[in-house]
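Hello,

My notes on what was found follow below it.

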Amino acid sequence: MPELAGNPSAQPPVSQISWRRRFTDHFMTGVAVLTVVLVLAPLVAIFGYLVYRGLGSINWAFLTQTPKPVGEPGGGMANAIAGSVLILGIASLIGVPFGVGAGIYLAEFGRNRFGSAVRFTADVLNGVPSIVIGIVAWAILVRGRGFSALAGGVALAIMMVPTICRTTEEMLLLVPRALREAAYGLGVPRWRTTLSVTLRTATSGVITGVMLAFARVAGETAPLLFTALGNTFWNLRYDQPTAALPLQIYVYANSPYDDWHRQAWAGSFVLILLIVSSVAAVRYAVRRGTFGTA
Amino acid sequence: MPGPQPVEGTKVTAVSGERSSPLLRASTSEVPDRLFKSAMTVCGFAVLGVLVLIVYELISGSGLSWHAFGFKFFAGSDWNPVSEQFGALPFIYGTLVSSFLALIIAIPLAVGVAVFTTEMCPGRLRGPLSFFVELLAAIPSVIYGLWAMFVLVPLLSGYVQPFLAKTMGWTGLFEGPPYGIGMLAAGIILAIMIIPIISSITREVLMVVPQHQREGVLALGATRWEMIRVGVLRNARAGIVGGIILGLGRALGETMAVTMVIGNRPEIAKSLFAPGYTMASVLANEFSEATGDVYLSALVEIGLALFLVTIVVNALAQLLVWSVTRGQPARGHA
């Protein structure tokens, strides 16, 4: 009994924690705050410069004209913006159905060894450097045929599939079993259940995955270097070399001309606006959506 | 009346049979279901097929160079397209050094941010803070490169490099003219790019550490930092290492930003101020202009080496992260 009574007083009061331990505690808190500041500093700096250099350089000519020859001021990136839209359109057209399909396979039929193999492969593909995917797209579609928007689109599609596939699977698995069973109970065939009950319920989550994949490939440059190649003229044909916004930024940034540097900043601003607005739209959709808050 | 009974009975069964047959037919007819399943399986197979295709194209494409140089390809430091001599050592060296430099800078920062967001900061700040850190991951590589060329490099050559040369020049790591462009710039921009990956995985791993671990350590009279060190970080070690390796995988394959600031000179220099070259950069710069089959094949072989290294690194990272978060639903604060 005396021991029990003595227990509370045996614990050191807060003031008895040695100054060294208290100092370490405060010091480490300070270090953690410092790391946050150091990490956010480049973010602020990059966005600051993008707005400062980019916004000032955007004008009507930039958005409506094609690049001027070397040394001539003016011109713009209209063809690159259109080219990016074309390439991303091709990429989505190929990547989204395959990605969602593979996700459905994994969620509905993938509880076996082949499913695990697909799952692992998707994770591996996610880590393959984008430039390597560019080489493969070049080997399949460019060698012997010439550079094309299609090759660029295929390269980006390959990069979209793993992300879409894994998020689709995750989202479909979150749909309660009872919902599927209710559909089966009504005599709805399995394929119909999957498409109009399971997939429909998980729509906003699946769209989130698609948009994230889209945002990821929208800024990719490396896989386009030797697939779409770039172009200083208008091109909207799938089998011709095509300009893309990231490619044009890269070329202009490496040039020795101030006017081109200015346009590179403007192009970056347009590109980041495209990406950030799509990411923000996704977050908004996820918050508002009935599903996919995981 | 024994006669009508069976008649009635057959009538009833006939009716019930008629009524149930469409339903029965719908559930037993497997044709659309099978079609659907095989279509989805084809999609799943396509994922596998793409990987097989990548491996096949890389191996078949690099055959010529492999036969010409063998293992010497990875040991030689002479890269001369004119005399068709290809040694990839400077690129391997540049890739490794820039990536490890990036890790050294990124690890403390990323882990610090993750610890702050999960353990220290007020709940209201958590969402916005992780959003901002993940925003770093949304910036395209080429924009990092642009920013590094016009902001980071002048900053380095004007202030940071003279300072480093003066205070730590004796180590030999910070010698030579402070051009700004070089290994150090590449390492710093890579570090900024991989911080969000390491940080978000560390955060995920820290969040699956059970709450009672923290409460237990606090109840023993630990301060908050001691609780984090003993109760949280120690439990999450394997997962954090997994996140770091995943960041390494990203750094190894990163192309555009590095190409724009590393200087692109195939040399092995001790000083971090000196220009270098990475495997990904040489592909970016030379692939579309390569003439000659051996030259192309040598470049594809570099691609193959890069592919194999990143696969191994990523698989290792996946295993480590799984070993911590396995069976735990991811708890997002987003």
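The largest nonpolar core has 187 residues, and the residues with the most contacts inside it are Ala148(B), Ala185(B), Ile189(B) and Val261(B). Helix H6 (residues 183-207) of chain B gives the largest share of this core, 18 residues. Please keep in mind while reading that this is a predicted model. In general, nonpolar side chains tend to be buried together in soluble globular proteins.

Leaving out residues up to four places away in sequence, Ile189(B) touches Tyr144(B), Ala148(B), Leu152(B), Ala257(B) and Val261(B). Ala148(B) and Val261(B) are also among the residues with the most contacts inside the core.

Chain B as a whole

Chain B contains 11 helices and two strands. Along the sequence their pattern is α-α-β-β-α-α-α-α-α-α-α-α-α. Of its 334 residues, 46% count as buried. Among the contacts in chain B with a separation of 6 or more, 77% are between residues 24 or more positions apart.

H6(B) also packs against helix H3 (residues 89-120) of chain B: the two axes come within 6 Å and cross at roughly 35 degrees. This crossing of H3(B) and H6(B) is right-handed. The residues of the contact divide into 21 nonpolar, seven polar and one charged.

Two places in the loops of chain B

Ala274(B) sits in the loop between helix H9 (256-261) and helix H10 (279-286) of chain B. Is Ala274(B) buried or partly exposed? A residue needs 20 or more other C-beta atoms within 10 Å to be buried; Ala274(B) has 19 C-beta neighbours inside 10 Å and therefore counts as partly exposed. Apart from neighbours within four places in sequence, Ala274(B) is in contact with Gly176(B), Gly182(B), Met183(B), Glu267(B) and Ala269(B). One of these, Met183(B), falls in the range of H6(B), residues 183-207. Ala274(B) and Glu289(B) are 15 residues apart along the chain, and their C-alpha atoms are separated by 26 Å.

Glu84(B) belongs to the loop between strand E1 (79-80) and strand E2 (85-86) of chain B. Its phi is near 55 degrees, a positive value in a residue other than glycine. Most residues other than glycine have a negative phi. Glu84(B) has 13 C-beta neighbours inside 10 Å, so Glu84(B) counts as partly exposed.

Leu229(A) has a positive phi of about 70 degrees, although Leu229(A) is not a glycine. Leu229(A) lies in the loop between H10 and H11 of chain A. Where Glu84(B) counts as partly exposed, Leu229(A) is buried, because 22 other C-beta atoms lie within 10 Å.

Helix packing in chain A

Two helix pairs were looked at here. The axes of H6(A) and H7(A) come within 9 Å and cross at roughly 135 degrees, so H6(A) and H7(A) are oblique to each other. Their crossing is right-handed. On the H6(A) side, the residues are Ser130(A), Ile133(A), Gly134(A), Ala137(A), Trp138(A), Leu141(A) and Val142(A). They meet Leu150(A), Ala151(A), Val154(A), Ala155(A), Ile158(A) and Met159(A) in H7(A). By class, this contact has 11 nonpolar, two polar and no charged residues.

The other pair is H4(A) and helix H10 (residues 203-218) of chain A, which pack at an angle of about 140 degrees with their axes 11 Å apart. H4(A) and H10(A) are therefore oblique to each other, and their crossing is right-handed. The contact is made by Leu88(A), Ala91(A), Ser92(A), Gly95(A), Val96(A) and Val100(A) of H4(A) together with Val206(A), Val210(A), Ala213(A), Phe214(A), Val217(A) and Ala218(A) of H10(A). This contact has 10 nonpolar, two polar and no charged residues.

Where the chains meet

How many residues of chain A are in contact with chain B? There are 75, and they are in contact with 71 residues of chain B. The elements that give two or more residues to this side of chain A include H4 (78-109), H6 (130-142) and H7 (149-174). The largest share of that side, 19 residues, comes from H2(A). By class, the side of chain A that touches chain B has 55 nonpolar, 15 polar and five charged residues.

Best regards

Definitions and conventions
Residues numbered from 1 in each chain as written. Chains lettered and ligands numbered in written order. Predicted model: local features only at pLDDT ≥ 70, side-chain atom pairs only at ≥ 80, totals over all residues. Contact = placed C-beta atoms within 7 Å. Helix = DSSP H or I, 4+ residues; strand = E, 2+ residues; numbered from the N terminus. Nonpolar A, V, L, I, M, F, W, Y, C, P; charged D, E, K, R; others polar. Buried ≥ 20, exposed ≤ 12 C-beta atoms within 10 Å, placed from the backbone. Core = buried A, V, L, I, M, F, W, Y, C linked by C-beta atoms within 7 Å. Axes fitted to C-alpha atoms, helices over the stretch in contact; angles between N-to-C directions. Parallel < 35°, antiparallel > 145°, perpendicular 65-115°, else oblique. Left-handed = near helix turned anticlockwise from the far one by under 90°.
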